[in-house]
Amino acid sequence: MALSKERKQEVFVQYKTWFSEASAIVLTEYTGLDMPGFDALRASIRETGGEFHVVKNTLARRAFEEVGLEAPAEYFTGSTAVGIAFDDPPGMAKAILDLAKDKDFVVVKGGFMDGNHLSPAQVKVVADLPPLPVVRGQLLGTIMAPASKLVRTVNEPGRSLAQVVKAYADK
């Protein structure tokens, strides 16, 4: 479908906005993916705080250049769709790779995270990272561990004394 110049400019501006605000971008080829598959993928990516869009290759390539991302030319051949993570890059990458694992229709071309180029293998590594809430929980547990041990250590003499008194009283 041909786009008018005005519509192309609107789409170009939208692409630039997405790419500049994204914390991670994954470029995929989706040849043969049906609409229910697309809808399922979009829904799972939306749950992670991201988006998944089919893009026009020429406009996407120009938008990447405008925001300072050096993408290889082969990323913009064939049918191209981008997964855009605004909050949780591992969650978005995992959603795409889970669908790619189940169906041969989606192939990861590569991506970007915080301005750095990622190969398809590196996108898989990002997808294997735990989700952000899990990492936050692990960090909080690590920070709280010394405080918890201190509280137990301070309470132990009092608890031991209480057990001795209780044992004596039970006699």
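**Close-up views of helix H3**

**View 1. Helices H1 and H3 pack at an angle of about 50 degrees, with their axes 9 Å apart.** That makes H1 oblique to H3 (angles under 35 degrees count as roughly parallel, over 145 as roughly antiparallel, 65 to 115 as roughly perpendicular and the rest as oblique). Axes are lines fitted to C-alpha atoms, for helices over the stretch in contact; angles run from 0 to 180 degrees between N-to-C directions. This is a predicted model, in which local features need pLDDT of at least 70, side-chain atom pairs count only at pLDDT 80 or more, and totals for chains, interfaces and linings use all residues. Residues are numbered from 1 along each chain as its sequence is written, and side-chain values use heavy atoms, without hydrogens and water.

**View 2. Residues of H1 meet residues of H3.** From H1 come Lys8, Val11, Phe12, Tyr15, Lys16 and Phe19; from H3 come Leu59, Ala60, Arg62, Ala63, Phe64 and Glu66 (contact means heavy atoms within 4.5 Å).

**View 3. Helix H3 (residues 57-66) has a buried side.** Its buried residues are Asn57, Leu59, Ala60, Ala63 and Phe64 (buried means under 20% relative accessible area, exposed over 50%, partly exposed in between; 1.4 Å probe, protein chains only). They cover an arc of only 165 degrees around the axis, which puts them on the same side of H3. The arc is that of the directions from the helix axis to the C-beta atoms. Exposed Glu65 and Glu66 sit on the face turned away from that buried side.

View 4. Helices (H or I, at least four residues) and strands (E, at least two) are DSSP runs, numbered from the N terminus. Just after H3, Gly68 takes a positive phi of about 85 degrees.
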